[in-house]
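Q: Could you walk me through this structure? I'd like to take it slowly, one spot at a time.

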Amino acid sequence: MIDLRSDTVTKPTEAMRAAMAAAPVGDDVYGEDPTVQALEAQVAALLGHEAGLFCASGSLANVLGVRLLVEPGQEVVCDVTAHIARAEMGAHAALHGLTMRTFPSVRGRLDAGQVAAIVAPDAGPYLVSTAAVAVENTHNFGGGTIQPYEQLAEVAELCRSTGMGYHLDGARLWNAHVATGVDLPAYGKLFDTASVCFSKGLGAPVGSVLVSSADNIARARVWRKRLGAGWRQAGILAAGAAYALDHHVARLGDDHAAARTFATAVAERAAEAVDPAGVETNIVVLDTADVPAGPIAAEAAVHGVLVSALGAHMIRAVTHLDVTAEQCHDAGEILGGLLAGAR
Ligand SMILES: *Cc1c(COP(=O)(O)O)cnc(C)c1O
C-alpha cells in the first residue's frame, strides 16, 4: 500500500526509537522531566519566544494558545477552512466558551484585507469583540498553501495596533520554512502564541509544542492540567520530537518534490484535476469536478493507493517520510488513470 492519506501515518524510525528509549525522564507534572524541558526550551528559542509547552496534540496546543488570547464570550477570527474551525471538534467553544467568525479565502491563502474587513477589536457593549486572529501556515485544507510573508506581517501590524492577539497554527510551519527559506524566528516573532507539530511531516509518533511568553506558558500549563492533559514521564515522547527536529526538517524538501511528481503524473492523465505548478509543499488537492471523490478514493485503494476524499469532489494526497518519490509517481499514474477513466 502507498499511503498518502496524511503525513501523520509515518512510523518512528529505528534511530528515533533508540533516542526515545535512551531519554532521561522525570515527572513532568512536577516539572522534572529533563527531556521535555530541553525540547520546550529548544523550540521556544527556534521561534524566538520565551517559553514552550509540550502537548499531546496540535489540537490541544491550538486550544491552549487561543485560550491565552481570548476570554469566554469573545471571538477568534480565522479563515473559513481553518483547522481550528473545521477539525478540532468545536473544542474552542465546547471547552472555553469562545465564538469564531471566519473570512473567505482561496486555497486558505491569507489576505490581510479580508481580515481587516471583518474584525471588530472594540465592538462596544452590544456586539462581540474580536480578541484574536488565528492563521495557519502551511494551510492544510487549502492544499499545503504557504502564507505570503507580507500578508502575515500586515495582519500582525493590524493586531498590534488594535490590541488583538495573534495565533499561529504552525502544524506544518517546518514545510513553509524549508520551501521559502524564511527563517523560523522571522515567522515566530509575528505571533503572540504559536503551535508547531512533530507528528506530521517530521515523523515523530506524538507531540506538538506551544510557544509564547513565559507568563503565558505558565498560564497554559494550568489550563492543560485542568483539561486532564498533564503527563508524567513524557520525555520518552519528547525525545522522538527532538530527534525529528534534528534529523527530519531539512529533508522536507524531498516531500515537496515528491508531491510535485505525484501531481505531474496525475495531470498527464487528467489535466483538469490539478495544476502541478500550484503544488507548494507536501499536500496535493485534486479537484474531481463532476466525478464523486469517494468512489475514486475507494477504487484507488483497490489498486494499492490510499488517499483521502475530503469533500464531495476533493481528494487530498500528502507526501511524507515513509513514501518514496517513485511510489508517489506510481500513485499519481493510478489516480490520474482513474480520473480520466471516470470522465
Ligand atoms: C494536524 C493539524 C493540527 C493538529 O492536529 P492533531 O491531530 O490534533 O495533532 C492542527 N492544525 C493543522 C493545520 C493540522 O494540519
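Q: Let's start with Leu53: which residues does it touch, leaving out those up to four places away in sequence?
A: Leu53 touches Glu40, Leu64, Ser208, Val209, Leu210, Ile217, Ala220, Arg221 and Arg224, where contact means heavy atoms within 4.5 Å. This is a predicted model, in which local features need pLDDT of at least 70 and side-chain atom pairs count only at pLDDT 80 or more, while totals for chains, interfaces and linings use all residues. Residues are numbered from 1 along each chain as its sequence is written, and side-chain values use heavy atoms, with hydrogens and water left out.

Q: And is Leu53 buried or exposed?
A: Leu53 is buried, with a relative accessible area of 0%; buried means under 20% relative accessible area, exposed over 50%, and partly exposed in between, using a 1.4 Å probe and protein chains only.

Q: OK, where does Leu53 lie?
A: Leu53 lies in strand E2, residues 51–55, and strands (E, at least two residues) are, like helices (H or I, at least four), DSSP runs numbered from the N terminus.

Q: How far is Leu53 from Leu64 in space?
A: Their C-alpha atoms are 9.7 Å apart, and in sequence the two are 11 residues apart.

Q: New topic: where is Thr138 found?
A: Thr138 is found in the loop between E5 and helix H7 (140–143), and at 2% relative accessibility it counts as buried.

Q: What is Thr138 in contact with, beyond its neighbours within four places in sequence?
A: Thr138 is in contact with Gly144, Thr145, Ile146, Arg172, Leu173, Asn175, Ala176 and Thr281.
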